[in-house]
Amino acid sequence: MRQFEPVRAVGSLLIAVALLMLGNGFVGTLLSIRLEAAGVSAPFIALLTTAYFAGLTAGSFRMGGLVARVGHIRAFGAVVSLLSASTLTYAIFPHLVLWIVLRFIDGLCIAGVYLCIESWLNRRATVETRGTILAAYMIALYSGQAAGQFFVNLEGSPMLPFVVSSVLVSLAVIPVALTRIASPDIEAQSHIALPALFRASPLGLVGVGATGLALGAFYGLAAVAGRQSGLAIGNITFFISAVIAGGVALQYPMGHLSDRFDRRLVILAATVGGALAAVALAVAGAAVWAMALAGAVLGGMVFALYPLCVAHTNDRLTEEEQLSASGGLILVYSAGAAAGPITGSLAMQLIGPAGLYLFIAGVIGGAMVFAIWRIFRSEAVPNDQQQPYQILPRTSPMSAALEPFSEESEFIEE
């Protein structure tokens with residue numbers, strides 16, 4: 001049981017993450033379904049997801065000041081309380097413009113949550129336990145998000161899903177308020193300029209951006225596309241959960257392959273698999289099990305693409321540069337995630353619900369073409385010089401501090 005000691009030591013934080021994602025992870029899906037049922041067009045629904053990722057981006061780089069001023073527990077309590085209030089406000093005032101503002105606020109709050117939790121986890125992690133703690137954090141994060149999708153199916157009062165969400169989010173404060181884990185200091189994060197990051201690893205930056213575009217479009221519009229295809233709400237939540245579950249399940253096998261072979265070839269394989277799965281979804285129509293299977297493959301390939309590209313970028317940076325680069329990679333991912341819903345909604349207007357998945361196929365296919373070009377354009381990093389692959393969440397720059405970096409690495413120009 002000794003291997004579980006690091007997880008037990010941060011158990012209160014992991015319970016808080018699981019509760020919060022269980023309560024908040026389905027809100028975007030719920031809002032999309034409600035707006036689609038009200039006859040709102042896809043581009044306007046997409047604005048909610050764009051606002052959310054804009055808030056998440058702003059919060060990732062600004063919430064550190066709040067945490068530094070008032071401490072982790074007070075900051076966590078404040079942002080979670082605001083998130084809970086925001087959730088209830090959706091039910092009380094069903095107005096599109098207000099909902100867009102609230103989604104921006106939600107993004108700010110979730111960024112504050114990520115920053116608090118990840119800096120806390122980093123304080124408790126050692127070189128030997130970082131991988132275990134990060135894996136447990138990922139399980140809590142994505143299992144809560146996947147399971148929470150089924151709360152969209154709650155019947156009865158239209159307010160009931162929002163009330164359940166608010167209750168679960170509020171409960172997430174309790175394990176943090178009672179934790180005995182000491183609060184760490186929040187240090188200023190240095191960032192590599194994007195042009196320098198692109199020169200170091202063009203494929204890494206392009207792959208991260210493509211991941212943001214694809215997943216932003218999916219999270220913002222998958223429920224809308226499902227409703228337009230005639231799927232019942234229960235089938236939509238099952239499909240979205242299958243995508244998230246596939247994303248978690250396939251990250252480790254893909255990473256293991258990338259440690260053994262040229263990482264660019266594994267990135268290429270992920271883009272090929274992701275593009276084909278997206279095309280399969282475009283032609284699957286309303287066949288639920290076919291959609292779930294193709295969705296699991298899509299999630300597995302696209303979820304893996306982010307940590308693969310981070311590892312590929314780290315292969316070409318020093319340890320100090322890796323920590324600085326994390327902010328730039330998160331920024332590029334978030335910018336793509338904010339733009340993805342808008343551009344994906346335009347494809348849906350032109351083609352119909354299949355347009356969402358053809359858009360995702362086009363984005364991932366573009367990254368595939370770029371990967372092929374980089375493979376012929378540059379030399380591979382020898383396997384013995386590659387950084388070990390590590391599954392990473394797409395949350396905040398603080399998550400990079402949890403990655404168990406090698407003690408030595410050297411800058412390699414791609």
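pLDDT is the predictor's confidence in each residue, given on a scale from 0 to 100. This is a predicted model, in which local features need a pLDDT of at least 70 and side-chain atom pairs count only at pLDDT 80 or more, while totals for chains, interfaces and linings use all residues. Residues are numbered from 1 along each chain as its sequence is written, and side-chain values use heavy atoms, with hydrogens and water left out.

**Overall picture and confidence**

The secondary structure of the protein chain comes to 17 helices and 0 strands, where helices (H or I, at least four residues) and strands (E, at least two) are DSSP runs numbered from the N terminus. Across the protein chain the average pLDDT is 83, and 83% of the residues score at least 70. Among the elements, helix 1 (residues 5–9) has the lowest mean pLDDT, 71, whereas helix 8 has the highest, 94. Over residues 405–414 pLDDT stays under 50, and for this stretch the model has 40 contacts beyond four places in sequence, a contact meaning heavy atoms within 4.5 Å. Where pLDDT is low, the predicted coordinates should not be read in detail.

Of the 414 residues in the protein chain, 57% are buried; buried means under 20% relative accessible area, exposed means over 50%, and partly exposed lies in between, with a 1.4 Å probe and protein chains only. The accessible surface of the protein chain comes to about 16100 Å², of which 66% belongs to carbon and sulfur atoms; such areas come from the Shrake-Rupley method with a 1.4 Å probe, and for residues only the protein chains shown count as cover. Among contacts with a separation of 6 or more, residues 24 or more positions apart account for 86%.

**Aromatic pairs**

A pair of aromatic rings is described by the distance of the centres and the angle of the planes. A search of the whole structure finds 11 aromatic pairs; rings of Phe, Tyr and Trp (its six-membered ring) pair if their centres lie within 6.5 Å, and planes under 30 degrees apart count as stacked, over 60 as edge-to-face and the rest as tilted. Two of these pairs are set out here.

| Pair | Centre to centre | Angle between planes | Class |
|---|---|---|---|
| Phe26 and Phe151 | 5.7 Å | 45 degrees | tilted |
| Phe218 and Tyr219 | 5.9 Å | 65 degrees | edge-to-face |

Phe26 counts as buried because its relative accessibility is 0%, while Phe151, with a relative accessible area of 23%, is partly exposed. In the other pair, Phe218 is buried at 3% relative accessibility, and Tyr219 is partly exposed at 22%. Ring pairs also link Phe218, Tyr219, Phe239 and Tyr357 into a cluster.

**A nonpolar surface patch**

Leu88, Ile92, Phe93, Leu154, Met159, Leu160, Val163, Val167, Leu171, Ile174 and Leu178 form a nonpolar patch on the surface, with about 920 Å² of accessible area together. Patches are made of residues with over 30% relative accessible area and no salt bridge, like charges being joined within 9 Å and nonpolar side chains (Val, Leu, Ile, Met, Phe, Trp, Tyr) within 5 Å. Helix 5 (72–92) and helix 8 are the elements that give two or more residues to the patch, and helix 8 gives the most, with 4 residues. Val163 has its place in helix 8 and is partly exposed, with a relative accessible area of 33%.

Ser86 is found in helix 5 and is buried, with a relative accessible area of 3%. Not counting residues up to four places away in sequence, Ser86 touches Leu102 and Asp106. Asp106 also forms a salt bridge with Arg103, the closest N and O atoms being 3.1 Å apart; a salt bridge is a side-chain nitrogen of Lys or Arg within 4 Å of a carboxyl oxygen of Asp or Glu, and the structure holds 1. Asp106 and Arg103 both lie in helix 6 (residues 96–124), 3 residues apart, about one turn of the helix, and both are buried.

Ala361 lies in helix 17 (residues 354–377) and is buried, with a relative accessible area of 10%. Leaving aside neighbours within four places in sequence, Ala361 is in contact with Ala275, Ala278 and Val279. The C-alpha atoms of Ala361 and Gly274 are separated by 7.2 Å, although these residues are 87 residues apart along the chain.
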